[in-house]
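Biologist: I'm new to this one. Can you put it up and walk me through it?

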Amino acid sequence: MKTLILYQSFTGNTKKVTERIAETLALEGLTPEVVKVTEKTGIELYDYDLVFLGTPVIELLPAKPVLKFAHSQLSVHGKRGDILPSSPKIPGKYAICYCTYSGPHTGKREAIPAMKYMEQFFEHLRFTVLAEWYIVGELKGNEILSTQGPLGDIRGRPNEKDLSRVGRMVKNILRNI
Ligand SMILES: Cc1cc2nc3c(=O)[nH]c(=O)nc-3n(C[C@H](O)[C@H](O)[C@H](O)COP(=O)(O)O)c2cc1C
């Protein structure tokens, strides 16, 4: 199974999660390609069977480089005729979306638009989205928002417990695919 992990990270939280995903996949015998997304990332997603896409939540949405990447992919695949009415799934093409977020104002709910955007991106490309993972990440450089939001004190997150959970989720996916 050809596996790709695309991610963006500004302060390191999503990178940590990405590394744990990659390590777990490697332990399970896969050799994922790991690519930090920029708007110029030209990648052939259909070359992969399992694609992970990770982003920090920025102002309720995926990070700008991820949005621009998605936009350019939709444009390329649209022109090629890959985006079809009713989006029939392509057998054997799977995606997982993940984000890190701080939820300083309304908790997990403020990460949902970003994840739904990414889910819909993959569904338009006719991948089956197997999971959406929300992982709490400290809002670095802002102690008030990292301690006084609805999620409480999130300094140091994602911590080892969060990352172990990520590892277990990866193993679960591979078992069920
Ligand atoms: C400019 C900015 C805007 C952010 N907007 C949100 C937001 O709307 N909702 C949220 O839950 N977290 C928000 N965050 C927090 C980040 O999503 C969170 O800290 C994330 O783990 C950072 O990931 P990274 O270290 O991989 O860049 C924001 C952070 C920054 C710096």
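This is a predicted model: local features need pLDDT of at least 70, side-chain atom pairs count only at pLDDT 80 or more; totals for chains, interfaces and linings use all residues.

Biologist: Good to know. Which elements supply at least two residues each of the shell around the ligand?

Modeller: H1, S3 and S5 each do that.

Biologist: And which residues come nearest to the ligand?

Modeller: Of the 20 residues around the ligand, the nearest are Ser 9, Asn 13, Thr 14, Pro 56 and Gly 137.

Biologist: How does that shell split by class?

Modeller: Nine of the shell residues are polar, eight are nonpolar and three are charged.

Biologist: Let's pick Thr 14. Where does it lie?

Modeller: Thr 14 is in helix H1.

Biologist: Is Thr 14 buried or exposed, and why?

Modeller: Thr 14 counts as buried because it has 26 C-beta neighbours inside 10 Å; the cut-off for buried is 20 or more.

Biologist: What does Thr 14 touch?

Modeller: Leaving out residues up to four places away in sequence, Thr 14 touches Tyr 7, Gln 8, Ser 9, Gly 54, Thr 55, Pro 56 and Thr 100.

Biologist: Tell me about the rest of H1. How many residues does it have, and how far does it reach?

Modeller: H1 has 15 residues and reaches 22 Å from its first C-alpha to its last, close to the 21 Å expected at 1.5 Å a residue. Just after H1, Gly 29 takes a positive phi of about 95°.

Biologist: Which residues of H1 are buried?

Modeller: Asn 13, Thr 14, Val 17, Thr 18, Arg 20, Ile 21, Ala 22, Thr 24 and Leu 25. Those buried residues pack against S1, strand S2 (33-36), S3, S5, S6 and H5.

Biologist: OK, on to the core. How many residues are in the largest nonpolar one?

Modeller: It has 40 residues, and those with the most contacts inside it are Ile 21, Val 51, Phe 52, Ala 95 and Cys 99. Elements that each supply at least two residues of this core include strand S1 (3-7), helix H1 (13-27), strand S3 (50-58) and strand S5 (94-101).

Biologist: Which element gives the largest share?

Modeller: S5, with seven residues.

Biologist: And what does Val 51 touch?

Modeller: Val 51 touches Leu 4, Leu 6, Leu 45, Ala 95 and Phe 127, again not counting residues up to four places away in sequence.

Biologist: S3 keeps coming up. Is it mostly covered or mostly open?

Modeller: S3 is mostly covered, with eight of its nine residues buried.

Biologist: Which way do S3 and S5 run, parallel or antiparallel?

Modeller: S3 and S5 run parallel, joined by seven bridges. Thr 55 has Cys 99 in S5 as its bridge partner. S1 and S3 are parallel too, with five bridges joining them, and Ile 5 stands opposite Phe 52 in S3.

Biologist: What about S3 and S4?

Modeller: S3 and strand S4 (residues 61-62) run antiparallel, with two bridges between them, and Val 57 stands opposite Pro 62 in S4. Their hairpin has two residues between the strands, and in it Glu 59 takes a positive phi near 50°.

Biologist: What's usual for phi and peptide bonds?

Modeller: Most residues other than glycine have a negative phi, and most peptide bonds are trans.

Biologist: So where is there a cis bond?

Modeller: The peptide bond from Arg 157 to Pro 158 is cis, with omega near 5°. Pro 158 lies in the loop between helix H4 (143-147) and H5.

Biologist: And what is phi for Ser 86 and Ser 87?

Modeller: Ser 86 has a positive phi near 65°, and Ser 87 has a positive phi of about 45°. Ser 86 is in the loop between H2 and S5, and that loop also holds Ser 87.

Terms used:
Residues are numbered from 1 along each chain as its sequence is written. A nonpolar core is a set of buried Ala, Val, Leu, Ile, Met, Phe, Trp, Tyr and Cys residues joined through C-beta atoms within 7 Å. A residue is buried if 20 or more other C-beta atoms lie within 10 Å of its own, exposed if 12 or fewer, and partly exposed in between; C-beta atoms are placed from the backbone. Helices (H or I, at least four residues) and strands (E, at least two) are DSSP runs, numbered from the N terminus. Two residues are in contact if their C-beta atoms, placed from the backbone, lie within 7 Å. Two strands pair if DSSP finds at least two bridges between them. A residue is near a molecule or strand if its C-beta atom, placed from the backbone, lies within 6 Å of it. Ala, Val, Leu, Ile, Met, Phe, Trp, Tyr, Cys and Pro count as nonpolar, Asp, Glu, Lys and Arg as charged, and the others, Gly among them, as polar. The expected span of a helix is 1.5 Å times one less than its number of residues.
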